[in-house]
Amino acid sequence: MKPGVLKWIFLVLLALIWGSSFILMKRGLLYFHSDQVAAMRMVIAFIVTFPFVARHYKLIGKGKMKYIAVVGIVGSGIPAILFTTAQTRINSSLAGMLNSLTPLFTVLIGFFFFRSRFSFLQVAGVAAGFLGAAGLILVNAEGDLSADAGYSLLIVVATVFYGISVNTIKAHLAGINVLIISGFALLCVGVPYGIYLFSTDFIDRLTHVPGAWTGLMYIATLACFGTALSNLLYFQLVKIASPLFASAVTYFIPIVALLWGIVDGETLNLLHIPAMLAILGGVAMISYDGYRARKQAEGL
């Protein structure tokens, strides 16, 4: 299949998977603490993925393991706990909308740390995105100033880490099989998270809390699809397209998350709609600028 077609298939699949992740986290939080949900997600994703790559350590290449560790820690491990902590106080749909900041931080981090180009249009896009994010963070569902702004900011921090991960993959891991990247990245977080998980009351909750096994099912689905499978799709997308195109999956994630939120009875203030559109408009400006630059380069 042509890379141009394949990248769009990956993009749609990722949007559906990641857009559904927030509601799965919300369901898991009904039965387990936020740190336990994050730990279970990483441990299960590690168990599912690592057996396929354990014997391929030598294919990583000298000096590359440190970059894979960065991808595992900042691209999966830290965001996992930030999202579950945030969703103890904010709606899953709001979390999905704030996740759209990822392309903005991809551009900023690429400029400051990976020597990427930064244009006026990108500056405008980043500014529009941050204004939209401010609207989402500061206004609650009733239209008042939100008392949970700090929890919303945890999602913003998570998108910063996603931006670091995306740029690291493109800059340092382009020649490595995506399954190997994913498996060893999850090794870096799955083992410590596993040790932590069994130091909590996880087993006691699983045994005595009514419905806990249902909660485990939600989290296992999140881990297998929202982490293990999606990591493979995402890393491959970064390699066959570009970091900016891959991060543009966040155009569609908030739509899926919003639909799930409506199904689950979550309320949304009308002021959130222009705020979300401001973020997506900023991402659109950034994406268009990248597309224009590539077309100009191809014409030279």
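At 56% relative accessibility, I262 counts as exposed, because the cut-off for an exposed residue is a relative accessible area over 50%. The residue I262 lies in helix 13, and the structure described here is a predicted model. The buried residues of helix 13, by contrast, are I253, P254, V256, A257, L258 and G261. Just after helix 13, the residue G265 takes a positive phi of about 85°.

As regards the chain as a whole, 14 helices and 0 strands are found, and the pattern read along the sequence is accordingly α-α-α-α-α-α-α-α-α-α-α-α-α-α. The chain has 300 residues, of which 51% count as buried. The average pLDDT of the chain is 85, and 89% of the residues score at least 70. Among the elements of the chain, the lowest mean pLDDT, 69, belongs to helix 12 (residues 243–247), whereas the highest, 96, belongs to helix 3.

Helix 3, which covers residues 34–49, has 16 residues and reaches 23 Å from its first C-alpha to its last, a span that is close to the 22 Å expected at 1.5 Å a residue. This helix is mostly covered, in that 13 of its 16 residues are buried.

The structure holds 9 aromatic pairs, one of which is formed by F22 and F83, with a tilted arrangement, a distance of 5.7 Å centre to centre and an angle of 45° between the planes. Since F22 lies in helix 2 (residues 21–28) and F83 in helix 4 (residues 65–86), the pair ties together parts that are 61 residues apart in sequence. Both F22 and F83 are buried. A further tilted aromatic pair is formed by F46 and F50, with 5.3 Å centre to centre and 35° between the planes, and both of these residues, F46 and F50, are likewise buried. The residues F46 and F50 also belong, with Y57 and F184, to one aromatic cluster.

Although G211 and L30 are 181 residues apart along the chain, their C-alpha atoms are separated by 9.0 Å. The residue G215, in turn, is found in helix 11 and is buried, with a relative accessible area of 0%. The C-alpha atoms of G215 and M25 are separated by 9.2 Å, while the two residues are 190 residues apart along the chain.

Key:
Residues numbered from 1 in each chain as written. Predicted model: local features only at pLDDT ≥ 70, side-chain atom pairs only at ≥ 80, totals over all residues. Heavy atoms only, no water. Phe/Tyr/Trp six-rings, centres within 6.5 Å; stacked < 30°, edge-to-face > 60°. Helix = DSSP H or I, 4+ residues; strand = E, 2+ residues; numbered from the N terminus. Buried < 20%, exposed > 50% of the residue type's maximum accessible area, 1.4 Å probe, protein only. Expected span 1.5 Å × (residues − 1). pLDDT = per-residue confidence, 0-100.
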